[in-house]
Amino acid sequence: MTKKGKNKGDFFKRMLDKVEIIGNKLPQPVTLFAMLMIITLLLSWVFGGITVDHPGKEAGLIGPDGSPVETIKVVNLLSREGVQMIFTRMVSTFANFPPLGLVLVVMLGIGVAEYTGLISVALRLFVSKVPKSIITFSIVVAGMLSSVAADAGYVVLIPLGGAIFMGMGRHPLAGIGAAFAGVSGGFGANLLPTGLDPMIAAFTEPAAQIIDPGYTVNPLSNYYLMAASVPLIGLIGTWVTEKILVPRLGKYTPASDIKIEEDKPISRREVRALGWSFVATIAVLALFMLTIIPADGLLRGEIDPNTGSRSFKPFYDSLVPVMFIVFFVAGLVYGMAAKTIKTDKDVTDMTAKSMSTMGMYIVIAFVAAQFVAYFNWSHLGSVLAVKGSDALNAIGFTGGPLLVAFIIVSSMVNLVMGSASAKWALLAPIFVPMLMLMGYSPETTQAAYRIGDSYSNILTPLLPYFPLVIVFAQKYVKEVGIGTLISMMIPYSIAFAVVRIPMLLVWIWAGLPLGIEGPIYYHP
């Protein structure tokens, strides 16, 4: 390496070290949201009474009381009325927090599918049956698909990627890098609906209702864009692995004290169980199709005057229960066939174990719910959105550059705040209304956030699973540390950003819908 190249490398390493130091000094998400609650209360007291013209004034927007809405006023939450509202609504605010119920219900079904072994066997079988020429591509794609099972990809597919490359005589760290890139760098992109879709939409909808109280967000409003991203990310991830990471790592020679365990083969019983689970899944999906295909299906809504047919809204609103039932039935049938479920107690233990892993999320949800409520009640988000959109209009910062800037902001926040839901709970009340006033739909802002939230995942040591990935890598190379893993993943992060951001801009330019009921522009 030349002196100039070495200096650049040292500078980049120092920059990453500073990111890690700053990130480690940040409080935990629970503490952070508690601090934001206090800040919101103080800001509502300082700016209480300030008013701005409501953006829906000219459109004749009608408020809940039936009178025209003309202005937005900052409400002082430290007043008598504000304090009473905080205390009397605290329990209902938490209980009615949309992401809480959505995530817990989905995790009940996913827990059965995960702890019976269904997800692990399905992923292992997927990557073992594809030709060796596309094994890297299949690992990256399997990483993205694994998000249907929440975080199962981290604990199943990443070590599996290393084992597969090791078995092929290739450097195992390259397999770990490819799997990590798919699971975390391609996070959100999927051919199937996941628990992330309704969870993110549940934050987007109340943020949009700051501007338009009647606005609703379909959980699959970004589905088309995210599904189309899968093959593209798979190809780019494969290219980075084969052209950059594999040559850089070189030939793998295990140290004398490194013991490589043989991967446990899939048994015939597991294969048969997987087959029965697949049949059961198809049967359940067929039953659900019978509720939406007929014009008078059980999950069809009222007649839409524009189309003359019944809407699909009840089905869209039922996606979380549908996902729960599909995962639950698939896991139940697999467990019974594979003998990992022997009694009904095994099923309840699995669901209980799944819920036990959600303890921290429930605590975060409590403080996040209060913060979001305070922010909405105070109208600070609305006033900030109006002022921000006016400022951006004044300097002419609109269109594509505005979306790119927002994606970059999301990715930078991601470096110091790992939880996707926690970040969106913080950003949505500000940026969704702001971009709505700039003409972009909440679904477009949500899509931009999901892109920014994904490609920087693999660079931050604050990702909860980052230490786990290092442990997996140290199985093959004991000297692997944070710097090693970050240096491995930087090419993936850059490549994914360079491809996914232009893809969104081209998608918008072409006027393609982002998903089901996923418009690009907002029209009051």
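A nonpolar core is a set of buried Ala, Val, Leu, Ile, Met, Phe, Trp, Tyr and Cys residues joined through side-chain atoms within 4.5 Å. Buried means under 20% relative accessible area, exposed means over 50%, and partly exposed lies in between, with a 1.4 Å probe and protein chains only.

Now the ground rules. This is a predicted model, where local features need pLDDT of at least 70, side-chain atom pairs count only at pLDDT 80 or more, and totals for chains, interfaces and linings use all residues. Residues are numbered from 1 along each chain as its sequence is written, and side-chain values use heavy atoms, with hydrogens and water left out.

Let's start with the whole protein. It has 22 helices and two strands.

Next, contacts. Contact means heavy atoms within 4.5 Å. Take the contacts with a separation of 6 or more: 78% of them are between residues 24 or more positions apart.

And the surface? The accessible surface comes to about 24600 Å², and 67% of that belongs to carbon and sulfur atoms. The areas come from the Shrake-Rupley method with a 1.4 Å probe; for residues, only the protein chains shown count as cover.

Back to the core. In soluble globular proteins, nonpolar side chains tend to be buried together. Here, the largest nonpolar core has 135 residues. Which members touch the most others? They are Ile158, Phe180, Trp424, Met489 and Tyr492. Helix α22, residues 482-510, gives the most to this core, with 14 residues.

Look at Tyr492 in particular. Set aside its neighbours within four places in sequence. Its contacts then include Ala174, Gly177, Ala178, Val240, Leu245 and Ile458. There is also a second, separate core of 10 residues, with Val284, Ile292, Leu299 and Leu319 among them.

Now a loop residue, Ser221. Find it between α10 (196-208) and α11 (223-249). Is Ser221 buried or exposed? It is buried, because its relative accessible area is 0%. Leaving out residues up to four places away in sequence, Ser221 touches Glu443, Gln446, Leu514, Gly515, Ile516, Glu517 and Gly518. The side chains of Ser221 and Gln446 are joined by a polar contact of 3.4 Å. A polar contact is a pair of N or O atoms within 3.5 Å; within protein, one must be able to donate a hydrogen and the other to accept it, and residues adjacent in sequence count only if both atoms are side-chain atoms. Ser221 and Thr444 are 223 residues apart in sequence, yet their C-alpha atoms are 9.0 Å apart in space.

Another loop residue: Asn457, between α20 (442-455) and α21 (466-474). Asn457 counts as buried, because its relative accessibility is 4%. A polar atom of its side chain lies 3.2 Å from the backbone oxygen of Ser184.

On to one helix, α16, residues 359-378. Why does its length make sense? At 1.5 Å a residue, its 20 residues should span 28 Å, and its end C-alpha atoms are 29 Å apart, so the two agree. The expected span is 1.5 Å times one less than the number of residues. Of those 20 residues, 14 are buried. Phe375 is found in this helix. After α16 comes His379, with a positive phi near 70°.

Last topic: charge. Side chains of opposite charge can pair when their charged atoms come close. How many salt bridges does the structure hold? Three. A salt bridge is a side-chain nitrogen of Lys or Arg within 4 Å of a carboxyl oxygen of Asp or Glu.

One joins Glu242 and Arg170, at 2.5 Å, N to O. Glu242 lies in α11 and Arg170 in the loop between α8 (152-167) and α9 (172-185), so the pair ties together parts 72 residues apart in sequence.

Another joins Asp197 and Arg450, with the closest N and O atoms 2.9 Å apart. Asp197 is in α10 and Arg450 in α20, so this pair ties together parts 253 residues apart in sequence. Asp197 is buried at 9%, and Arg450 is buried at 5%.

Then there is Asp349 with Lys345, also at 2.9 Å. Both lie in helix α15 (residues 344-356), four residues apart, about one turn of the helix. Asp349 is partly exposed at 36%, while Lys345 is exposed at 53%.
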